[in-house]
Amino acid sequence: MATRAEFLGRIRAEVAKTPGRFEAQTATRPPRPAEAAQAVRRQMAERWPEALERFRQEFEQVAGVFHRVKTVAEVPAAVLAIAREKSAREVVAWDASMLGLDLRPALGAAGLAVGTVAPGDNGEAARLRHRGEAARADLGVTGVDFALAETGTMILLSGAGRPRSTSLLPATHVAVFDRRRLIESLEQVGIMLEALHVDPARTMSGAVINFITGPSRTADIELTLTRGVHGPKEVHAVFVDEPLGSEGPA
Amino acid sequence: MSGEAGLATPFSERAGKALRDTFLQEALGIATTKFIGLRREAFEGFPQGDALRDQARAIKEATLQRLDVHLGRLADNIERLGGHVHWADTAEDAREIVLKLCRDKGVRMAVKSKSMATEEIDLNEALEHAGVTPVETDLGEYIIQLAHERPSHIIAPAIHKTKGQVAELISVVAGKQLAADPEVLTAAARVLLREKFLQADMGITGANFAVAETGTVVLVTNEGNGRMVTTLPRIHVAVMGIEKVIPSMTDLMVFLALLARSATGQKLSSYTTLVRGPRQAGELEGPDEFHMILMDGGRARQIAGPLREALYCLRCGACLNVCPVYRQIGGHAYGHTYPGPIGILLTAMLKGDRSVKDLAHASTLCGACKDVCPVRIDIPRMLVELRENLDREKIAPASERLVFKAFRGLLLSETAFKLSARIGRLAQRPFVRNGKLRSLPLFFGKWTATRDLPPIAARTFHERWKDLA
């Protein structure tokens, strides 16, 4: 078995045999990512209405279901309506501090069990308990870190209080976000992710970033499009005009 | 079933079998035509696509020019995040590393998301021998695993199966007769595989990309199985060819804009999952351990070799769909892990030129593959060079080399060329029917067995040109 030094040494030797190849450039990265990310935020503070409309169109094109409510107070009712439609009995959700609102009072009052995990609660017992909850749940409610308009994609960072399975195991995924999450292009996503990675202390506590573009799908049997093969069969976006109480990643 | 099992028969027989399989012919026609249309639509609505393809190509080239540096940085970052990096010179090394991990960690079952790299190293067979149950979780891969077959397309592995055949396969596992309805079968697979995800000790993935600057492995899937296998089992192992590393997140966005559009015509696949290391501090879910296996397997020697450009490949499958040969014979007839035009080059890279002495000719050199490639790999040029090398290295059969040598002689001498036209005109007389040569004697008959040959003209262009000039 090769050591790192041997392995890379051999590659270096091969690379050295190809001098004077044409000049090729990798993509130009923002020199100061944090500032570039701030500039994107400022642009989007102006342009979010167009981005929202584009997001809605693209999201619906990938079979997403779009909802819009005016106030944060209306969100629980919107989530409850989806839960009723799906005859849901159990729900898992990101922690209230991550979601920007607490769903438990309203959903609990309607007889739904809501499983959440507090940010500090990450021991083996909590892991096992939550795995069971997520596997049983009919509905998973998350926030969104970036809502990418040009493809109708919701980008979610994992971390404390924001389990990865919430948007994966339940058959229906509901994501709640406000205007501060909207961005326009993959290029801007690149800037935001560059900024996240140079500032790990404040931002990326978790190991995973998921780009979610509509429900889980397959066409592996005679090219027939079928939804919900492993992940959610339905994905809902609930947009709130009023700012949510959660702090975003950047 | 070993990846080489199909090789007991020569390529011409494998291709012949595929050509006589009427379902396969129909399925291939429908699937490849559909993929071509989806890709075309996706790029029509994406004017910046062409410029991005140039940029993507430049990024791949620039990365290769400093491949050692990028791999080193990737490894540093993965280790900084608490992951482990393994260096595999050969497919055998990569297999052995996975098996050792299974032994050391007491792994009984491994769930896999779709990965060509693990197909390439015949990992499933090795795991089974070691007493570990590998479960393919991409629906198409699951189907062919149940059928004990191999993928026939890079992104649609089971396109050669009818829904009736799939129903039979899944019914056996489900323990009840299921209708031949994709909706029903997919729902059944969801239940069967969900159980596996929750039970498995190890999740095995490939990697579509790895970002050196951040230590991130990128998995692109539509089903969400890539997310399952990196979320639920206690160990995540990623097996990746060294050419998949890219420098930064900014570079990644260029490739994401192209990959799904080229493969399935989607703007993005349903899931693009960026994973760095094992579960991080404060996180509830995710594996305890993350292992990255960086595999050479014949790639490094092509950095300065004739197949260098094949190292740009994103494995989107677009070149398969447009290839007139693939469209006729499908993936299995190629007999190796990677089918289609790029597959011929990748097979030569991984297994040596000798392994493609027949396949090197399974191309019309029409150039459609190069036209659709998201990184504009010049596949036809490399196929011609490969053929040259087969001749130079005397790997091509002696008879073939003799014929081409004789042909070269004819083309180099004007007298010989003209004379041969005259002789040919006389010799062909008994065989011309309705203006076509339909069957020829001796070994020439091989050509006319499956196609007609136009006869030598009554007056050649040379002769007519004399009158005109």
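Predicted model: local features only at pLDDT ≥ 70, side-chain atom pairs only at ≥ 80, totals over all residues.

**Overview of chain B**

Of the 469 residues in chain B, 53% are buried.

**Overall form and fold**

- The secondary structure of chain B comprises 21 helices and twelve strands.
- The C-alpha trace of chain B extends over about 90 × 55 × 45 Å along its principal axes.
- Chain B has a radius of gyration of 25 Å, which agrees with the value near 23 Å that a compact globule of 469 residues would have.
- When contacts in chain B between residues at least 6 apart in sequence are considered, 72% of them join residues at least 24 apart.

**Domains of chain B**

- Three domains are assigned in chain B: domain 1 covers 1-45 + 308-396, domain 2 covers 70-297, and domain 3 covers 414-468.
- The centres of domain 1 and domain 2 of chain B, taken over C-alpha atoms, lie 23 Å apart.
- Contact between these two domains of chain B involves 26 residues of domain 1 and 27 residues of domain 2.
- On the side of domain 1 of chain B that touches domain 2 of chain B, helix H2 (22-44) and helix H13 (318-322) of chain B are the elements that give two or more residues.
- H2(B) gives the most to that side of domain 1 of chain B, with nine residues.
- By residue class, the side of domain 1 of chain B that touches domain 2 of chain B consists of 16 nonpolar, seven polar and three charged residues.

**Contact between chain A and chain B**

- Chain A brings 66 residues to the contact, and chain B brings 74 residues.
- On the side of chain A that touches chain B, at least two residues each come from helix H1 (4-16), helix H6 (124-136), helix H7 (186-198), strand S9 (208-212) and strand S10 (217-218) of chain A.
- H1(A) gives the most to this side of chain A, with eight residues.
- The side of chain A that touches chain B is made up of 27 nonpolar, 25 polar and 14 charged residues.

**Strand pairing across the chains**

- S9(A) and strand S9 (residues 271-275) of chain B run antiparallel and are joined by five bridges.
- Opposite Ile212(A) stands Tyr271(B), a residue in S9(B).

Terms used. Residues numbered from 1 in each chain as written. Chains lettered and ligands numbered in written order. Domains from an automatic or database assignment. Contact = placed C-beta atoms within 7 Å. Helix = DSSP H or I, 4+ residues; strand = E, 2+ residues; numbered from the N terminus. Nonpolar A, V, L, I, M, F, W, Y, C, P; charged D, E, K, R; others polar. Pairing = 2+ DSSP bridges. Rg over C-alpha atoms; globule rule 2.2 N^0.38 Å. Buried ≥ 20, exposed ≤ 12 C-beta atoms within 10 Å, placed from the backbone.
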